Amino acid sequence: MRILHTSDWHLGRSFHRVGLLAAQREFIDHLVTTVRDRHIDAVVVAGDIYDRAVPPLAAVELFDDALHRLADLGVPTVMISGNHDSARRLGVGAGLIDRAGIHLRTDPAGCATPVVLSDDHGEVAFYGLPYLEPGLVREELGASAAGHTAVLGAAMDRVRADLAARPSGTRSVVLAHAFVTGGAVSDSERDITVGGVASVPAEVFDGVDYAALGHLHGCQTITERIRYSGSPLAYSFSEAAHRKSMWLVELGAAGRAPSCERVECPVPRPLARIRGRIEELLADPDLERHEEAWVEATLTDAVRPHEPMTRLARRFPHVLTLVFDPERPPEDPLASYAQRLRGRSDRQIAEDFVAHVRGGRGPDEAERALLGDALEAVRSEAHEGVVAGEGVLAHEGVEPGDENGAGTTTAGAVTARTTAGTTAGEAAR
């Protein structure tokens, strides 16, 4: 069986305020062409179909077009919701379109009910595990704890139980949207940390023939049976070195490892990250190859140059973002706010803020628990698409989670909530 594995379309997303809808439409054309020309037997889409819970109309129309074109080819397609999608909204009409061979799996309760297809070697059971927000699905799945490993493990226990009851030799494909230990992250992926632990061990997928993963935007191999397809387009400059592609998976007889081939995706425009003093960037002949790329320029001038963006745009007309990182001696104590936050979790940032406003006295255990509850509540509501700011973001054309500077992190959402309700500082007082 020939399976095309893709994920993280993020329909409706822009790149530093540059619309990507035309590029996303080109990707859908490429997907449909690949399915037809490479004689694909099944398509799997491992979550984050949309970029936000309430996608713009143009993104919905593009998704609708993709569904119709895949259905017209008569090739079964299995899709799951990701952490950017609203599972409830995406799942509307799932029962009806199932009849057209498009199988949407957005309800955790149905994770052990597979789509069963057949080839010359027998049956293949496709299990769709939508993104599992621990705080929302723990009780439903009977997980032992409210963490990603616990809830995904509970879901996989159900999958293995169903698989064990099927005829001997039945092969299995699991779609999941998760951060598996060993995967390489990008800046454009929305954090899914709960309780400080976001990743799950690869062993959670033991017993399946192929795990088609989504969430991480780089195409990568965890094991020969566990792979990320990555996003079809770059959504942050941290992805400048990525080769955007899909996996064409050949699933043979039971017990044999799948054969996998990368299928390259169209590149609308290359990305480039350049760094140096402005006069060097404007004169360096080696940078000529980046003049038609989308550019992120980091200026190291000790003093901020006059009109740097205008000057850079004369040579690099597609420069999109400007970063100032002045060269400083090693002993210089000054550091940017971004540098101080780099590598810190939402919870650590919130606790640091409490310590800052209280003269260095950080939260005690009770206050830490309160902050943890608030962060988890915001994350759960965001997954359901009901965060108070969501309507504002959607109607203003701002994309949550976009690295353009318009997005809102979980820590930011908790901070924003302080204007309307109990804050960590009020609780501390």
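## An aromatic cluster

Phe15, Phe237 and Trp294 are linked into a cluster by ring pairs, where rings of Phe, Tyr and Trp (its six-membered ring) count as a pair if their centres lie within 6.5 Å, and planes under 30 degrees apart are called stacked, over 60 edge-to-face and the rest tilted. By this rule the count comes to four aromatic pairs. Phe15 and Phe237 form a tilted one, with 5.0 Å from centre to centre and 55° between the planes. This pair links distant parts of the chain, since Phe15 belongs to strand β2 (residues 14-15) and Phe237 to the loop between β14 and β15, 222 residues apart. Phe15 is buried, with a relative accessible area of 0%, and Phe237 is buried as well, at 3%; buried here means under 20% relative accessible area, exposed over 50%, and partly exposed in between (1.4 Å probe, protein chains only).

## Basis of the description

The model is predicted, and local features therefore need pLDDT of at least 70 and side-chain atom pairs count only at pLDDT 80 or more, whereas totals for chains, interfaces and linings use all residues. Residues are numbered from 1 along each chain as its sequence is written, and side-chain values use heavy atoms, with hydrogens and water left out. Helices (H or I, at least four residues) and strands (E, at least two) are DSSP runs, numbered from the N terminus.

## The open sheet and its helices

Six strands form an open sheet of mixed pairing, in the order β6-β5-β4-β1-β15-β16, where two strands pair if DSSP finds at least two bridges between them. β6 (102-105) and β16 (259-264) stand at the edges with a single partner strand each, so one side of each is left without a neighbour in the sheet. The twist averages 20° from one strand to the next. Within this sheet, β1 (residues 2-6) and β15 (residues 245-250) pair in the antiparallel sense over four bridges, and Leu4 has Leu248 in β15 as its bridge partner.

Helix α1 (residues 21-37) lies across β1, β4 (42-46), β15 and β16, running at about 170° to β1; axes are lines fitted to C-alpha atoms, for helices over the stretch in contact, and angles run from 0 to 180 degrees between N-to-C directions. Helix α2 (residues 57-73) lies across β4, β5 (77-80) and β6, and runs at about 150° to β5.

β8 is mostly covered, with six of its eight residues buried. Five bridges join β7 (residues 115-119) to β8 in an antiparallel arrangement, and a hairpin connects the two through two residues. β8 also pairs with β9, in the parallel sense and over six bridges, with Leu129 standing opposite Ala176 in β9.

The largest nonpolar core has 32 residues, and Leu129, Leu141 and Leu213 are among those with the most contacts inside it; such a core is a set of buried Ala, Val, Leu, Ile, Met, Phe, Trp, Tyr and Cys residues joined through side-chain atoms within 4.5 Å. Elements giving two or more residues to this core include β8 (122-129), α6 (148-164) and β9 (171-177), and α6 gives the most, with eight residues. Apart from this core lies another, of 29 residues, among them Leu31, Ile40, Ile49 and Val75.

Notes:
Contact means heavy atoms within 4.5 Å.
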